[in-house]
Amino acid sequence: MSLLELKNVTLKFGGLTAVNDVSFAVEEGEVFALVGPNGAGKSTIFNMISRFYTPFSGDILFQGRTILDRPPHEIAGLGIARTFQNIELFEQASVLQNLLAGRHTHRRSNFLTELLFTPFVRREEHRHREAVEHVIDFLDLQAYRDKTIAGLPYGVRKVVEMGRALSIAPKLLLLDEPASGLSVEETQDVAFWIEDIKKVLGITVLMVEHDMHLVSSVCDRVLALANGRQIALGTPHEVQTHPAVIEAYLGSDDKEEAA
Ligand SMILES: Nc1ncnc2c1ncn2[C@@H]1O[C@H](COP(=O)(O)OP(=O)(O)OP(=O)(O)O)[C@@H](O)[C@H]1O
């Protein structure tokens, strides 16, 4: 059974078919990328997996079960975490506080038990702290632990955003353009983190990325899309050299991203 499966998924915005009959499966333990020129439908696919959008037709299965009956706030609880292209962190809170906030989906205590600060709440709090400290160590964020997000360099914020998603110990991590806005060196760091997320934490990764160097260096398989349709699926090399992919990029504004 695949970890995630999209079956003949179509989504329309009015008269525009943003995603057109797309099917693919992400296997447990792999790093899988969605690539394609601007407007190909990549973010729309992420937003359907996050349940912000509901497909017009088709199905999305996670661990063999449809998720189309789940509202967006239940998706993290299933074990699917995501980052956002435009980093979504609490600017005035510290790194630690942001990561703790990321854990809120794992909170089993309610307002009354928290008010009474029962032993159960204390144990839960301890569990959240431990999980978050583990992520801080894993991503080498100790130096920034108590720093406010607003004062951090962009590259560090990107790593914190990844940490926030990792803090729920997901089975599937969705990374939305993890290298966007980063320097070559910072992108190399992100490549190392992604490899460790796969190898050390054993978390499956699905990412949207324009940087083909990053895609080639960390991805096992790649699905290329253009105008909402899937045009090639295979290893990074197979996809980058696929005639339909080269053609799609040549006809777009993203020419520099082509093979
Ligand atoms: N909320 C929306 N309402 C209407 N059209 C939309 C909406 N979101 C996306 N679209 C359109 O759907 C198509 C697919 O967009 P999408 O953002 O999924 O592409 P993308 O591959 O993620 O592009 P990019 O690489 O630029 O982020 C585009 O034509 C886009 O203009």
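Biologist: What is the mean pLDDT of the protein?

Modeller: This is a predicted model, in which local features need pLDDT of at least 70, side-chain atom pairs count only at pLDDT 80 or more, and totals for chains, interfaces and linings use all residues. Residues are numbered from 1 along each chain as its sequence is written. As a general idea, pLDDT is the predictor's confidence in each residue, from 0 to 100. Here the mean is 91, and 90% of the residues reach 70 or more. The model scores are ipTM 0.96 and pTM 0.91.

Biologist: Into which domains is the protein divided?

Modeller: Domain bounds come from an automatic or database domain assignment. In this case domain 1 covers 1–79 + 172–185 + 203–259, and domain 2 covers 87–169.

Biologist: How many residues of each domain are in contact?

Modeller: Two residues are in contact if their C-beta atoms, placed from the backbone, lie within 7 Å. Six residues of domain 1 are in contact with eight residues of domain 2. On the side of domain 1 that touches domain 2, there are four nonpolar, two polar and no charged residues. In this classification, Ala, Val, Leu, Ile, Met, Phe, Trp, Tyr, Cys and Pro count as nonpolar, Asp, Glu, Lys and Arg as charged, and the others, Gly among them, as polar.

Biologist: Which residues are around the ligand?

Modeller: A residue is near a molecule or strand if its C-beta atom, placed from the backbone, lies within 6 Å of it. The residues around the ligand are Phe13, Leu16, Ala18, Gly36, Asn38, Gly39, Ala40, Gly41, Lys42, Ser43 and Thr44. Two or more of the shell residues come from each of β2 (16–26) and α1 (42–49). Helices (H or I, at least four residues) and strands (E, at least two) are DSSP runs, numbered from the N terminus. The most is given by α1, with three residues. By class, the shell has four nonpolar, six polar and one charged residue.

Biologist: How many residues does the largest nonpolar core have?

Modeller: A nonpolar core is a set of buried Ala, Val, Leu, Ile, Met, Phe, Trp, Tyr and Cys residues joined through C-beta atoms within 7 Å. A residue is buried if 20 or more other C-beta atoms lie within 10 Å of its own, exposed if 12 or fewer, and partly exposed in between, with C-beta atoms placed from the backbone. The largest core here has 69 residues, and those with the most contacts inside it are Ala33, Leu173, Leu174, Val205, Leu206, Val222 and Ala224. This core lies between domain 1 and domain 2, because both give residues to it.

Biologist: What does Ala33 touch, leaving aside its neighbours within four places in sequence?

Modeller: Ala33 is in contact with Met207, Glu209, Val215, Cys219 and Val222. Ala33 belongs to strand β3 (residues 31–35) and is buried, because 25 other C-beta atoms lie within 10 Å. The C-alpha atoms of Ala33 and Leu233 are separated by 9.9 Å, although the two are 200 residues apart along the chain. Leu206, with residues up to four places away again not counted, touches Leu4, Val26, Phe32, Leu172 and Leu174.

Biologist: Is Val95 buried or exposed?

Modeller: Val95 counts as buried, because it has 28 C-beta neighbours inside 10 Å. It is found in helix α3. Val95 touches Leu141, Tyr144, Arg145, Lys147, Ile149 and Val160, not counting residues up to four places away in sequence. Val95 and Val160 are 65 residues apart along the chain, with 6.8 Å between their C-alpha atoms. Leu96, also in helix α3 (residues 95–102), counts as partly exposed, because it has 19 C-beta neighbours inside 10 Å.

Biologist: Where is Asp140?

Modeller: Asp140 is in the loop between α5 (119–138) and α6 (154–166). Asp140 counts as exposed, because it has 11 C-beta neighbours inside 10 Å.

Biologist: What is the phi of Asp21?

Modeller: Asp21 has a positive phi of about 55° although it is not a glycine. Asp21 lies in strand β2. Ala169, in the loop between α6 and β7 (172–176), has a phi near 50°, again a positive value in a residue other than glycine.
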